[in-house]
Amino acid sequence: MDPIDQTAEWILQSQRLVVFTGAGLSTESGIPDFRSPGGVWSRYNPADFDFQNFLAGEASRERYWQMATEMYASIREARPNPAHLAIYELDRLGKLEAVITQNIDGLHEKAGHGADKIIELHGTALHVSCLNCGKRYNRDEIQERIKQGIKAPACDDCQGPLKPATISFGQAMPERETQEAYRRSAASDLFIVIGSSLVVQPAASLPLAAKQGGAKLVIINRDSTPYDDLANLVIHGQAGRILPAILGRVEEGIKS
Ligand code: NAD
């Protein structure tokens with residue numbers, strides 16, 4: 001059977017569909033991923049994103065905020081692309097249990113899902129938090145301070161270091177989100193990975209949890225992943241084309 005038709009058929013049969021997304025879902029919204037040519041790793045030093053580095057001192061925090069400010073410019077302007085919108089449509093049709101995302105760009109929320117449907121495993125770039133007292137700020141408010149010349153912003157209440165509310169390499173994963181992601185993955189009956197190289201842990205072990213829980217695994221990604229052999233179906237290509245095609249078949253299936 002054609003892989004698009006097969007995926008649509010599985011979605012129609014599914015009672016607990018979980019979609020797991022990575023940076024590749026948002027490249028068509030103009031946000032570069034990490035590992036593709038022209039991606040973030042070809043322009044920045046991965047060590048500068050390291051959490052210990054951020055904690056190390058004022059100079060490294062200033063460098064971090066400089067990179068983060070550049071990256072935020074594209075995140076702020078980005079709009080959901082046809083793949084985000086197709087996932088939202090599946091939600092509207094009552095076919096989506098949850099979307100677990102490694103992305104920090106807020107595009108699933110902008111596509112329309114309620115907050116209860118989205119698990120942000122690596123946090124969000126749309127907020128900032130104080131590493132000392134946990135106070136949260138709107139990102140735009142803090143970017144405004146940077147525009148005014150502050151290089152490494154500090155908390156109004158406790159003067160602790162402020163950092164975008166994302167999870168950096170070496171930083172602890174958020175406990176509630178991580179547990180919830182494992183629980184929902186293990187309980188899913190269909191788990192669809194979209195736009196992830198599946199090399200960043202612990203997020204990359206979720207497909208395994210789903211598979212061990214009895215789910216069918218579908219991987220939709222431009223390049224191969226280490227989990228392709230484990231998948232029931234692999235579709236190599238562009239998410240912004242493949243997802244709307246799958247959605248179209250699901251809609252036809254619901255009508256017929
Ligand atoms: P990754 O960069 O490791 O892999 C992205 C994958 O997406 C690649 O395998 C690539 O082949 C594929 N891809 C790229 N464009 C695609 C498209 N249009 N259609 C289908 N596939 C496409 O990203 P990752 O696996 O998400 O892991 C890296 C980390 O990057 C995550 O922790 C995430 O937090 C962070 N990140 C997020 C954003 C974002 O929020 N948009 C951007 C960059 C990095």
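Select Tyr137 and Asp156 to begin. A polar atom of the Tyr137 side chain lies 2.9 Å from the backbone nitrogen of Asp156. This is a predicted model, so read each distance on this tour as computed from predicted coordinates.

**Stop 1: around Tyr137**

Keep Tyr137 selected and show the secondary structure. Tyr137 lies in strand E5, residues 136-138. Is Tyr137 buried or exposed? Tyr137 counts as buried, because its relative accessibility is 3%, and the cut-off for buried is under 20%.

Now show the contacts of Tyr137, leaving aside neighbours within four places in sequence. They are His127, Val128, Ile142, Arg145, Cys155, Asp156, Asp157 and Leu162. Pick Leu162 from that set. Leu162 and Tyr137 are 25 residues apart in sequence, and their C-alpha atoms are 9.1 Å apart in space.

**Stop 2: Gln159**

Move to Gln159. Gln159 is in the loop between helix H6 (139-147) and strand E6 (162-166). Check its backbone: phi is positive, about 65°, although Gln159 is not a glycine. Gln159 counts as exposed, because its relative accessibility is 55%.

**Stop 3: the two domains**

Zoom out and colour by domain. Domain 1 covers 1-31 + 80-122 + 173-256, and domain 2 covers 32-77 + 129-166. The C-alpha centres of domain 1 and domain 2 lie 28 Å apart. The contact between them takes 13 residues from domain 1 and nine residues from domain 2.

**Stop 4: the ligand**

Select the ligand, then the residues around it. How many residues are around the ligand? There are 27, and Arg35, Gln102, His122, Ser197 and Asp223 come nearest. Colour this shell by residue class. Eight of its residues are nonpolar, 13 are polar and six are charged. Domain 1 and domain 2 each supply at least three residues to the shell.

- Ala23: a backbone N or O atom lies 2.7 Å from an oxygen atom of the ligand.
- Glu28: a polar side-chain atom lies 2.7 Å from a nitrogen atom of the ligand.
- Asn221: a polar side-chain atom lies 2.9 Å from an oxygen atom of the ligand.

On its own the ligand has 870 Å² of accessible area, and the protein covers 96% of that.

**Stop 5: Gln102**

Stay with Gln102, one of the residues that come nearest to the ligand. Where is Gln102? Gln102 sits in the loop between strand E2 (98-101) and helix H5 (107-111). Gln102 is buried, because its relative accessible area is 12%.

Show what Gln102 touches, not counting residues up to four places away in sequence. The set is Phe20, Thr21, Gly22, His122, Ser196, Val200 and Ala203. His122 in that set is also among the residues nearest the ligand.

**Stop 6: Phe20**

Follow the contact from Gln102 to Phe20. Phe20 is in strand E1, residues 17-21. Phe20 counts as buried, because its relative accessibility is 0%.

Display the Phe20 contacts, again leaving aside neighbours within four places in sequence. They are Ile100, Gln102, Leu121, Phe191, Ile192, Val193, Ile194, Leu198, Ala203 and Leu206. Then pick Ser196. Phe20 and Ser196 are 176 residues apart along the chain, and 8.4 Å separates their C-alpha atoms.

**Stop 7: Leu198**

Go to Leu198, one of the Phe20 contacts. Leu198 is in the loop between strand E7 (190-194) and helix H8 (206-212). Its phi is near 55°, a positive value in a residue other than glycine. Is Leu198 buried or exposed? Leu198 is buried, because its relative accessible area is 2%. Gln159 also has a positive phi, but Gln159 counts as exposed.

**Stop 8: Gly24**

Finish at Gly24, in the loop between E1 and helix H2 (51-56). Not counting residues up to four places away in sequence, Gly24 touches Asp33 and Gly195. Select Gly195 and look at the C-alpha pair. Gly24 and Gly195 are 171 residues apart along the chain, yet 3.8 Å separates their C-alpha atoms.

Key:
Residues numbered from 1 in each chain as written. Predicted model: local features only at pLDDT ≥ 70, side-chain atom pairs only at ≥ 80, totals over all residues. Heavy atoms only, no water. Helix = DSSP H or I, 4+ residues; strand = E, 2+ residues; numbered from the N terminus. Buried < 20%, exposed > 50% of the residue type's maximum accessible area, 1.4 Å probe, protein only. Contact = heavy atoms within 4.5 Å. Near = heavy atom within 4 Å. Polar contact = N/O pair within 3.5 Å; in protein donor to acceptor, adjacent residues only side chain to side chain. Areas by Shrake-Rupley, 256 points an atom, 1.4 Å probe, with all protein chains shown as cover. Nonpolar A, V, L, I, M, F, W, Y, C, P; charged D, E, K, R; others polar. Domains from an automatic or database assignment.
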